[in-house]
Amino acid sequence: MSSTLSDSGNGDDWAGDRDALADILAFHLEAGVDVALGEEPVDRFAESQAARAAAPPLAAQEPPRTAGAAAAPAPPARRAPAPAPAILAPASPPPPDVAALEAREAAASAPDLDALRALLESFEGCPLKHTATRLVFADGNPSARLMLVGEAPGRDEDIEGKPFVGRSGQLLDRMLAAIGIDRTSAYIANVVPWRPPGNRTPTPQETAICLPFIRRQVELANPDFLVCLGGPSAQTLLGLREGITKARGRWVEYDTGSRVIPALATFHPAYLLRTPLGKRMAWRDMLAIEARLGEKRGST
Ligand code: URA
């Protein structure tokens, strides 16, 4: 591209090209593409066409003849089922219900958090894994008494591989600091550990596939208190059906699988960035968390 432009020496060519590039970038952004996954573009259409072309078009062999069947009319030639193009296999996870079953089995088999992370790293059942840059498993102290769970990583988290490191994470840090907590005294994760493209909301299927893993993560971390950040996390983990404005601030019980612990839903920090009026109620929730943490350890 640049050689054509520099060869021409015509500044107008640059302007035209710049406009075209800006249009293409705008198109990609609108389509939710805001991160490059590789250095070079890959033409998936050409790949799957080549795979199809390489497949044998018709059954090459005659059906086996049985003794005495020589005079029988030959059955019509049947088209051999085309093998699945190998190139698409890594990007074609199993159907969601199969993936959710595999997730349940994998998550249940993890004896500790390191094993759970390793299982997630090798799990192929969630399509988000193939568009995200990396797994965003957790941050903070896995032995902390407080565990906070958000919805899914955003762009900054996808780049760093840690939850809540972008703008909403900075607000979360300030909210926690106000009650004397930092990432050495809290453990932070997300319901979905891979960034959905363009920060879209995870689909119900994607959430269902990831759910066994976050449930197991809570069980293995074994916190005394669970805080769900935002409606999607509260609905998924706590089963709360109301909107977050109604559901927040009320302690409910959460069964980790090993014991029942108090859990609270509060506003997601990203919502508070957009809606500063919510901060007053979020502050009440932080005080409620502080009060619970101040209670004697044995009383939960
Ligand atoms: N929002 C979330 O729900 N999780 C993150 O990690 C970042 C933003």
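Mentor: The ligand sits in the second largest pocket. Here a pocket is an open set of points, on a 1 Å grid over the protein atoms alone, where a 1.4 Å probe fits, with protein on both sides within 12 Å along at least five of seven lines; a molecule sits in one if more than half of its atoms lie within 2 Å of its grid points. This is a predicted model, in which local features need pLDDT of at least 70, side-chain atom pairs count only at pLDDT 80 or more, and totals for chains, interfaces and linings use all residues. Residues are numbered from 1 along each chain as its sequence is written, and side-chain values use heavy atoms, leaving out hydrogens and water.

Now look around the ligand. Its shell (residues with a heavy atom within 4 Å of it) consists of Gly-150, Glu-151, Ala-152, Pro-153, Glu-157, Pro-163, Phe-164, Ser-168, Asn-190 and His-268. By class, four of these are nonpolar, four polar and two charged; Ala, Val, Leu, Ile, Met, Phe, Trp, Tyr, Cys and Pro count as nonpolar, Asp, Glu, Lys and Arg as charged, and the others, Gly among them, as polar.

Next, follow the backbone. A polar backbone atom of Glu-151 is 2.8 Å from a ligand oxygen, and a backbone N or O atom of Ala-152 lies 3.0 Å from a ligand nitrogen. Phe-164 also brings a backbone N or O atom 2.9 Å from an oxygen of the ligand. Polar contacts like these are pairs of N or O atoms within 3.5 Å. The protein covers 92% of the 240 Å² of accessible area that the ligand has on its own, computed by the Shrake-Rupley method with a 1.4 Å probe.

Note on methods
Polar contact = N/O pair within 3.5 Å; in protein donor to acceptor, adjacent residues only side chain to side chain. 1 Å grid on protein atoms, 1.4 Å probe; cavity = no way out; pocket = protein on both sides within 12 Å on 5 of 7 lines; lining within 4 Å.
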